[in-house]
Amino acid sequence: MNILRCGSFQLALDSPLIMGIVNLTPDSFSGDGLVGDVDRAISHALQQFEAGSDILDIGAESTRPGAIPTSEREELRRLLPVLTEVTGWGVPVSVDTYKPTVMRAALEAGASMINDITGMIHEDALAIAAESDCAVCVMHMQGNPGTMQTTPAYCDVVSEVRAALAEAVDRCRLAGIRDDRLVLDPGFGFGKTLEHNLALFRALPEMCLGGFPLLVGVSRKAMLGAITGSPVNQRMAASVSAALLAVQKGAKIIRVHDVAATRDALAVWLAIEREGRE
Ligand code: HH2
C-alpha cells in the first residue's frame with residue numbers, strides 16, 4: 001500500500017508520517033493532558049500541527065495502565081469543541097476512541113481517521129467506519145487499560161500479536177472497510193511487559209502483514225523509562241531514538257508527543273536514506 005485513504009485525504013506512505021498527539025484528558029500518563037480549557041487545547045493542537053504533524057490524533061480518554069474509563073458523555077464534552085475547530089485546518093484528524101457513539105460523532109464533526117485501541121472489536125464500530133471513508137487504525141491490546149499491566153502473558157508475543165492483527169484485518173474487510181483505509185499497530189505498552197515490548201519492536205518487520213502500514217506509538221512510554229531510568233518528562237531523546245528505529249524497521253506512522261524533535265530526526269534519516277538510494 002503506497003497510499004492511505006483517510007477521509008478526503010490521501011496520504012502518501014513513501015516517507016514516514018508523524019501523528020502528533022493531542023490529549024484532552026486530566027490523567028494522561030505523560031502529563032500533557034489539557035482538559036476543560038478549549039482555547040489552550042486548540043493552541044496545543046495548532047502547535048503540534050505547525051511543528052510538522054501529518055495527522056493530529058485527538059484523545060479525550062486516557063488509556064494509561066490503571067485508567068478509569070470515561071463516560072461517553074464526558075468524552076464527547078471534552079472532544080467536540082476542539083475537534084470542530086481542528087477539522088477545519090486542512091490536516092487529517094484522527095480520534096483516539098473505542099466507543100462507537102464517539103466515533104460516529106467524531107466522523108460527523110469531520111474526523112478523517114478512527115484510532116481504536118481495541119482493534120475494532122465492536123460491531124457498531126465496524127458498521128460506523130464502513131459507512132464512512134475514514135482511515136482506521138486497529139491496535140492490539142491484551143485485556144483492558146484498567147488491568148492490562150497486572151500480569152500480561154503470552155506463549156509467543158510476536159505470533160500472537162500478528163495473529164490478532166490479522167483477525168482485526170479480517171473483521172474490517174468483512175464489514176466492508178477497504179484495505180487502503182487500514183493501519184495496524186502492535187500496541188506498545190498495552191498488556192505487555194518490557195520484554196514483550198522489546199520482542200515486538202525487534203519483530204516490527206514481521207508485523208508489516210500484507211503491506212498494511214504500521215503505526216508505532218512508544219513516545220514517552222514506561223518501556224523507555226524502564227530502559228533509561230528517566231522520568232516521563234525527560235524521555236524525549238529516548239522517544240526520538242525509538243521513533244527512528246521504528247521507521248528503520250518499517251513503521252510508516254509514528255505517534256508522538258514531541259513532533260518537532262521527531263520531524264528533525266526523521267529529516268536527517270530521510271536525507272541519508274535518499275542519498276544512499278541514488
Ligand atoms: N498509545 C496511547 C494512546 N493511544 N493509539 C495507538 N494507535 N497506539 C498507541 O501506542 C497508543 C494509542 C497512550 O498514549 P497517550 O495518548 O499519550 O496517553 P494516555 O492514553 O494516557 O492519554
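Guide: Let us begin with contact, which means heavy atoms within 4.5 Å. Leaving aside its neighbours within four places in sequence, glycine 217 is in contact with Phe188 and Arg255. The model is predicted, so local features need pLDDT of at least 70, side-chain atom pairs count only at pLDDT 80 or more, and totals for chains, interfaces and linings use all residues. Residues are numbered from 1 along each chain as its sequence is written, and side-chain values use heavy atoms, with hydrogens and water left out.

Visitor: Why does glycine 217 count as buried?

Guide: A residue is buried under 20% relative accessible area, exposed over 50% and partly exposed in between, with a 1.4 Å probe and protein chains only. Glycine 217 has 5% relative accessibility, and therefore counts as buried. Its place is the loop between strand 9 (215-216) and helix 8 (222-228), where helices (H or I, at least four residues) and strands (E, at least two) are DSSP runs, numbered from the N terminus.

Visitor: What makes glutamine 10 count as partly exposed?

Guide: Glutamine 10 has 48% relative accessibility, so it counts as partly exposed. This residue sits in strand 2 (residues 9-12), and, apart from neighbours within four places in sequence, it is in contact with Ile3, Leu4 and Arg5.

Visitor: How do you know that the buried residues of helix 4 are on the same side?

Guide: The buried residues of helix 4 (residues 123-131) are Ala125, Leu126, Ile128 and Ala129. They cover an arc of only 165° around the axis, and therefore lie on the same side of helix 4; the arc is that of the directions from the helix axis to the C-beta atoms. The face turned away from that buried side carries the exposed residues Glu123 and Glu131, while what covers the buried residues includes helix 3 (100-108), strand 7 (135-139) and helix 5 (157-175).

Visitor: Why are helix 3 and helix 4 called roughly parallel?

Guide: Angles under 35 degrees count as roughly parallel, over 145 as roughly antiparallel, 65 to 115 as roughly perpendicular and the rest as oblique. Axes are lines fitted to C-alpha atoms, for helices over the stretch in contact, and angles run from 0 to 180 degrees between N-to-C directions. Helix 3 and helix 4 pack at an angle of about 15°, with their axes 9 Å apart. The two helices are therefore roughly parallel to each other. Their contact is made by Pro100, Met103, Arg104 and Leu107 of helix 3 and Asp124, Ala125, Ile128 and Glu131 of helix 4.

Visitor: How do you know that the buried residues of helix 6 line one face?

Guide: In helix 6 (residues 194-202), the buried residues are His196, Asn197, Leu200 and Phe201. Seen down the axis, they fall within an arc of 135°, so they line one face of helix 6. Glu195 and Arg202 are exposed on the other side, and the buried residues pack against helix 5, helix 7 (204-207), helix 8 and helix 9 (236-248).
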